[in-house]
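This briefing sets out selected computed features of one protein model. Please keep the sequence and the structure at hand while reading.

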Amino acid sequence: MRYLPAKPSIYGETLDSLGAQLAAHGHPAFRARQITEWLYKKRVRSWEDMTNLSRALRAWLAATFELEPTKFVLTKQSEDVTDKLLLELGDQSLIETVIIRAPQLGVGQENSRKTICISTQVGCAMGCKFCASGLDGLKRNLSAGEIVHQLIQVCRQEDARTPRAHAELVSFDNLVVMGMGEPLHNYDAILRALTILNADWGLGFGARRITLSTSGLVPKIRQLADEPLGLRLAISLHGATDEVREQIMPVNKKYPLAELIPAIREFSEKRGRMVTLEFILIEDINDSLDQAGKLRDIAHDLHAHVNLIPYNTVEGLPWKRPSLTRQEKFAQVLDRGGVSVTLRREKGHAIDAACGQLRLKTEKARAATAAN
Ligand code: SAH
Ligand code: SF4
């Protein structure tokens, strides 16, 4: 389904596209830089706040662009390590943006490392059997502006916590494209959004600190390998054989391992950097030592890092995480095979960290209220 807002969001414009539109309406192109300063450095909430622009220009901007494509609904906090922002879009759809704080020894909360996780679609079409985001299929793609604005919301949230002197800096360390949706299924919008976030006139956020996670859309992985933007790549593998992967990830029928693995190799060789293989551990589905051995061989061959993630239970789904001992045995097979592996102690389990769960709960609650 397509959603056409009355006005496009200004956060989807690049400096060039904005400059061109300004010029076409008789405004000097240098105004584009002033506008992006207000958007990305000062993070203003109203056109009126752009005080060095003429009244006529502000009126034109207001008539042409949407300034706030997402609306802040609520924050949910978990054990001081995760903040989830629930945001509402112009068509009342809900998305989530997550702030994960990794406390550093000896420093206060303000100096903890922060990773931001953004969404790229409302729902997801890929239908992975274990995932809350895909339960109701895909509702729609996010626009580039809606993707970028998630980071503006995060910056505002953090600006309120940090001293004013730091407010113009971006206050997070890593960005992961691992929220709701399959980013490579919304390729143009996500690339545009990340280009804007990376640009010096945008948030100026380094591409090497951005990791994009995909369920394995092979042609798009190859396309991404040729982009000028040097992103990091993570692959949701979750099965080390077609038989196991196919059971939980329908995308494997279209792009089986024999196609996916060479595409990962190509990406890694072209970019000269390590790819991460994500592997959720689900009891009795993919947690056997045989799977561990096969995963070790794949990772070894690809010189890839493996991130093991104990499954987060999703209401209404039958899957469970294996016991800690079983998780550790699985990790040992990789470690002893010389593979770089981390077993994630997941953050935010208590507040439904698995992608899409907070949104689903809020939607259910809304439906219940509407029905009353
Ligand atoms: N669509 C992309 C990115 C979003 S999902 C992808 O699939 O890679 C981000 C990660 O969360 C993926 O690795 C996904 O498999 C994982 N995930 C989904 N549901 C989960 C759950 N219930 N517990 C743990 N990880 C989950
Ligand atoms: Fe979509 Fe990723 Fe969830 Fe699969 S795991 S349904 S690709 S969001």
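The model is predicted. Its secondary structure amounts to 12 helices and 12 strands, and 54% of the 372 residues of the protein count as buried. Of the contacts between residues at least 6 apart in sequence, 67% link residues at least 24 apart.

- Helix α1 spans residues 15–24, and its buried residues are L15, S17, L18, G19 and L22. These buried residues pack against α2, α3 and α5. Just after α1, G26 adopts a positive phi of about 80°.
- Helix α4, residues 144–161, contains 18 residues and extends 27 Å from its first C-alpha to its last, close to the 26 Å expected at 1.5 Å a residue. The helix is mostly covered, with 15 of its 18 residues buried.
- Helix α5, residues 187–198, contains 12 residues and extends 16 Å between its first and last C-alpha, close to the expected 16 Å.
- The buried residues of α5 are Y187, A189, I190, L191, A193, L194, I196 and L197. Their cover includes the helices α2, α4 and α6 (218–225), together with β7 (174–177) and β8 (210–214).

**The pair α9 and α10**

- Helix α9 (residues 257–271) packs with helix α10 (residues 289–302) at an angle of about 35°, and their axes are 10 Å apart. The crossing of α9 past α10 is right-handed.
- On the α9 side the contact is made by I261, I264, R265 and S268, and on the α10 side by I298, D301 and L302. By class, the residues of this contact are 4 nonpolar, 1 polar and 2 charged.

- Q150 is part of helix α4. Q150 counts as buried because its relative accessibility is 0%.
- Beyond its neighbours within four places in sequence, Q150 is in contact with L87, I95, E96, T97, I118, S119 and L142.
- Q121 belongs to strand β5, residues 121–123. With a relative accessible area of 0%, Q121 is likewise buried.
- Apart from neighbours within four places in sequence, Q121 is in contact with I95, L138, R140, N141, L142, M180, G181, E182, H185 and N186. The C-alpha atoms of Q121 and I147 are 8.9 Å apart, although 26 residues separate the two in sequence.

**Surroundings of ligand 2 and the position of S215**

- Which residues surround ligand 2? They are C124, M126, C128, F130, C131, S133, G181, E182 and S215. This shell is made up of 5 nonpolar, 3 polar and 1 charged residues.
- S215, a member of the shell, is located in the loop between β8 and α6. Its relative accessible area is 7%, so S215 is buried.
- Leaving out neighbours within four places in sequence, S215 is in contact with M126, E182, S236, R245, M249 and V251. Of these, M126 and E182 also belong to the shell around ligand 2.
- S215 and P250 lie 35 residues apart in sequence, with a C-alpha to C-alpha distance of 9.8 Å.

- R43 has a phi near 55°, a positive value in a residue other than glycine. R43 is placed in the loop between α2 (31–42) and α3 (55–64).
- Is R43 buried or exposed? R43 counts as buried, because its relative accessibility is 4%.
- Q92 also has a positive phi, near 70°, and is a residue other than glycine. The loop that holds Q92 runs between β2 (82–89) and β3 (94–102).
- Q92 has a relative accessible area of 49% and is therefore partly exposed.

How values were computed: Residues numbered from 1 in each chain as written. Chains lettered and ligands numbered in written order. Predicted model: local features only at pLDDT ≥ 70, side-chain atom pairs only at ≥ 80, totals over all residues. Heavy atoms only, no water. Near = heavy atom within 4 Å. Nonpolar A, V, L, I, M, F, W, Y, C, P; charged D, E, K, R; others polar. Axes fitted to C-alpha atoms, helices over the stretch in contact; angles between N-to-C directions. Helix = DSSP H or I, 4+ residues; strand = E, 2+ residues; numbered from the N terminus. Left-handed = near helix turned anticlockwise from the far one by under 90°. Contact = heavy atoms within 4.5 Å. Expected span 1.5 Å × (residues − 1). Buried < 20%, exposed > 50% of the residue type's maximum accessible area, 1.4 Å probe, protein only.
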